[in-house]
Amino acid sequence: MKYPTAGQPLKFKTVEDLQNKIDSFFKECEEKKIHPTITGLALWLDTSRETLCNYEKKEKYFDAIKRAKLKCEAYLEQHLFGNNVAGTIF
């Protein structure tokens, strides 16, 4: 016997829906010259960091979320090496 799973329905029905929203986040960051962050991404998606982690656990969404998080991390890492010498220490 199968039992129904608990929880709310997924906000993003397809990976394409999610990816389009992620792409619009990075485009907005670029246009407004603001730093993309994982928290910023969660807010843009109208969700929480915890929900992003839950999506990342789902096989079909894993790559999209992982790439978005890596893009945020890479951006911040690159800016650590700018004029801020203290950033390179960490």
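What share of the contacts in the protein chain with a separation of 6 or more comes from residues 24 or more positions apart? In this predicted model, such residues account for 54% of those contacts.

**Whole chain**

Colour the chain by secondary structure to begin. Of the 90 residues, 27% count as buried.

**The nonpolar core**

Select Leu-18, Ile-22, Leu-41 and Leu-52. In the largest nonpolar core, which has 17 residues, these four touch the most other members. Helix H1 (15-32), helix H2 (38-44), H3 and H4 are the elements that each give two or more residues to this core.

Keep Ile-22 on screen and display what surrounds it. Residues up to four places away in sequence left aside, Ile-22 touches Leu-41, Leu-45, Ala-64, Ile-65 and Ala-68.

**H1 against H4**

Show H1 and H4 together. Two packed helices are described by the angle between their axes and the distance between the axes. For H1 and H4 the angle is about 10 degrees and the axes are 9 Å apart. The two helices are therefore roughly parallel to each other, since angles under 35 degrees count as such.

Now select the residues that make the contact. On the H1 side these are Val-15, Leu-18, Gln-19, Ile-22, Phe-25 and Phe-26. On the H4 side they are Lys-60, Tyr-61, Ala-64, Ile-65, Arg-67, Ala-68, Lys-71 and Cys-72. By class, the residues of this contact divide into ten nonpolar, one polar and three charged.

**A stop at Ser-24**

Stay in helix H1 and pick Ser-24. Is Ser-24 buried or partly exposed? Its relative accessibility is 26%, so Ser-24 counts as partly exposed; the cut-off for buried is under 20%. Then draw a distance from the C-alpha atom of Ser-24 to that of Leu-45: the two residues are 21 residues apart along the chain, and the separation is 9.9 Å.

**H3 against H4**

Next, show helix H3 (residues 49-56) with helix H4 (residues 59-80). Their axes come within 7 Å and cross at roughly 130 degrees. H3 and H4 are therefore oblique to each other. H3 contributes Leu-52, Cys-53, Tyr-55 and Glu-56 to the contact, and H4 contributes Tyr-61, Phe-62, Ile-65, Lys-66 and Lys-69. The residues of this contact divide into six nonpolar, no polar and three charged.

**The buried side of H3**

Hide everything except H3 and look along its axis. Which residues of H3 are buried? They are Leu-52, Tyr-55 and Glu-56. Because they cover an arc of only 100 degrees around the axis, they lie on the same side of H3. An α-helix has 3.6 residues a turn, so residues three or four places apart point the same way.

**Last stop: Glu-56**

Finish with Glu-56 in helix H3. With a relative accessible area of 11%, Glu-56 is buried. Which residues is Glu-56 in contact with, leaving aside its neighbours within four places in sequence? Select Phe-62, Ile-65, Lys-66 and Lys-69 to see them. Each of these four is also among the H4 residues that make the contact with H3.

Notes. Residues are numbered from 1 along each chain as its sequence is written. This is a predicted model: local features need pLDDT of at least 70, side-chain atom pairs count only at pLDDT 80 or more; totals for chains, interfaces and linings use all residues. Side-chain values use heavy atoms; hydrogens and water are left out. Axes are lines fitted to C-alpha atoms, for helices over the stretch in contact, and angles run from 0 to 180 degrees between N-to-C directions. Angles under 35 degrees count as roughly parallel, over 145 as roughly antiparallel, 65 to 115 as roughly perpendicular and the rest as oblique. Contact means heavy atoms within 4.5 Å. Ala, Val, Leu, Ile, Met, Phe, Trp, Tyr, Cys and Pro count as nonpolar, Asp, Glu, Lys and Arg as charged, and the others, Gly among them, as polar. A nonpolar core is a set of buried Ala, Val, Leu, Ile, Met, Phe, Trp, Tyr and Cys residues joined through side-chain atoms within 4.5 Å. Buried means under 20% relative accessible area, exposed over 50%, partly exposed in between (1.4 Å probe, protein chains only). The arc is that of the directions from the helix axis to the C-beta atoms.
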